[in-house]
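Here is a friendly walk through a two-chain model. Have the viewer open and follow along.

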Amino acid sequence: MLNKIYDWVDERLDITPLWRDIADHEVPEHVNPAHHFSAFVYCFGGLTFFITVIQILSGMFLTMYYVPDIKNAWESVYYLQNQVAFGQIVRGMHHWGASLVIVMMFLHTLRVFFQGAYKKPRELNWIVGVLIFFVMLALGLTGYLLPWDMKALFATKVTLQIAEAVPLIGPYIKVLLSGHSTIVGAQTLTRFFAIHVFFLPAALLGLMGAHFLMIRKQGISGPL
Amino acid sequence: MHRGKGMKFVGDSRVPAERKPNIPKDYSEYPGKTEAFWPNYLLKEWMVGAVFLIGFLSLTIAHQPPLERIADPTDTAYIPLPDWYFLFLYQLLKYSYASGPYTVIGALVIPGLAFGALMLAPFIDRGPERKPSKRPLATAFMLLSIASVFYLTWESVAHHDWEAAKKQGAIVDVEIDKNSDGYKIAQAQTCTSCHGGELAGGAAAPSLLELDLTAEEIADIAKNGKGSMPAVFKGTDEELQTLAEFIVELNE
């Protein structure tokens, strides 16, 4: 049955080469923890991706309840956490996942750095990886404001002060992020929400696509 | 593969009519114990992922995600703290050479140099050697950076008053005894229809749980109104006294 469906689609769209490109590649012995346990360091990148998927899915469920305005944001998070079935688990996954993704990404970066895996011909992939790191930090920063509780508001005020301290363009960056030159309020929350939910994930998906395309094209770096 | 003249397509599409069999590549000629990603290796990865997921879900069940009280911009005494992975940058801004008139150094120059160097690492560390011991400068700088990040984070955590932080953000839950005389009077005198059954305020009236008023002032407002609040209280002086004291107690 499944084979027939596959053949039916393949006859029309010729998906076999595509499938072989995506799924069919070799896993060398030196990265396989089944053969060398120390190769578990090669898992960090994959785990980062795994948590990113968890973040995307849990985030999608959070937006079913979250309301990005200053009157209801906190109330909606409180309701989600205390009234909704499994709301605490979903919010917990998104909250702890945000920390864990940073940890895994940090370990992955160190693995690549200390193995010198960023050297020619993989310079571009390293740069894209560092950009992903920045996007992840920005996601953490913007997501921190969204529950609209005390620590969210005041940490964001500090962040905006730091942005303002940038010479020349600082005040413009601040207004761009917060929607007003002095008030951190309704505009700031909706802007951070838009950045957290649309702009940064779009950038992240693009960068991750490039990251994976390059690793597939070049293959993983050889043993030291 | 057949190309050009005589090639057959599916209908009027560009998809070739010739079918290619879906056969995995043969990895037997590859060095060492190379194995196929699909499906052999993916299955093992799947199991690692499942174990990881169990640990992760245990964490979310054991530890509730924190939520402080609703943002109050007027509370100027609140000491802010970013999420833990920004603490090292936050701590940097506390040193005199990186704050005040030198904020640009702490906020921009030092992090900019560090992250700039990280991004351009392949162009700074250009030699062919990959072993950490064969490229001492790159290894040394990275170890120094890691040590700095850990030290700054540690300093930030050690100098933060966690007790005070917990208190300043705590959600205030006022227990209201709904069988008390005071609450019954509040209900009878229609206080609750605007200020809410939990007296926490609503669209038409503010909260009665965050007042800084004496019993006399509260009694006066209840009897004579204030601002958009009409004079609602129609009971005896004794009831007024009980009501005012009940509200004061809630605010202690």
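Which residue in E1(B) is the bridge partner of A:Glu26? The bridge partner is B:Ala36.

## About the model

This is a predicted model, where local features need pLDDT of at least 70, side-chain atom pairs count only at pLDDT 80 or more, and totals for chains, interfaces and linings use all residues. Residues are numbered from 1 along each chain as its sequence is written, while chains are lettered from A and ligands numbered from 1 in the order in which they are written.

## Where the chains meet

Contact here requires C-beta atoms, placed from the backbone, within 7 Å. By that rule, 56 residues of chain B are in contact with 61 residues of chain A. On the chain B side, strand E1 (35–36) and helices H1 (37–62), H3 (103–119) and H4 (121–124) each supply at least two residues; helices (H or I, at least four residues) and strands (E, at least two) are DSSP runs, numbered from the N terminus. H1(B) gives the most, with 11 residues.

Strand E1 (residues 26–27) of chain A runs antiparallel to E1(B), joined by 2 bridges; DSSP must find at least two bridges for strands to pair.

## The annotated binding site

An unreviewed UniProt entry lists B:Cys191, B:Cys194 and B:His195 under "binding site"; such annotations may be inferred rather than shown by experiment, and positions follow the numbering used here, with feature names shortened.

B:Cys191 lies in helix H8 (residues 191–195) of chain B, and B:Cys194 is found in helix H8 too. B:Cys191 counts as buried because it has 21 C-beta neighbours inside 10 Å, whereas B:Cys194, with 17, counts as partly exposed. The cut-offs are 20 or more other C-beta atoms within 10 Å for buried, 12 or fewer for exposed, and partly exposed in between, with C-beta atoms placed from the backbone.

Methods
Contact = placed C-beta atoms within 7 Å.
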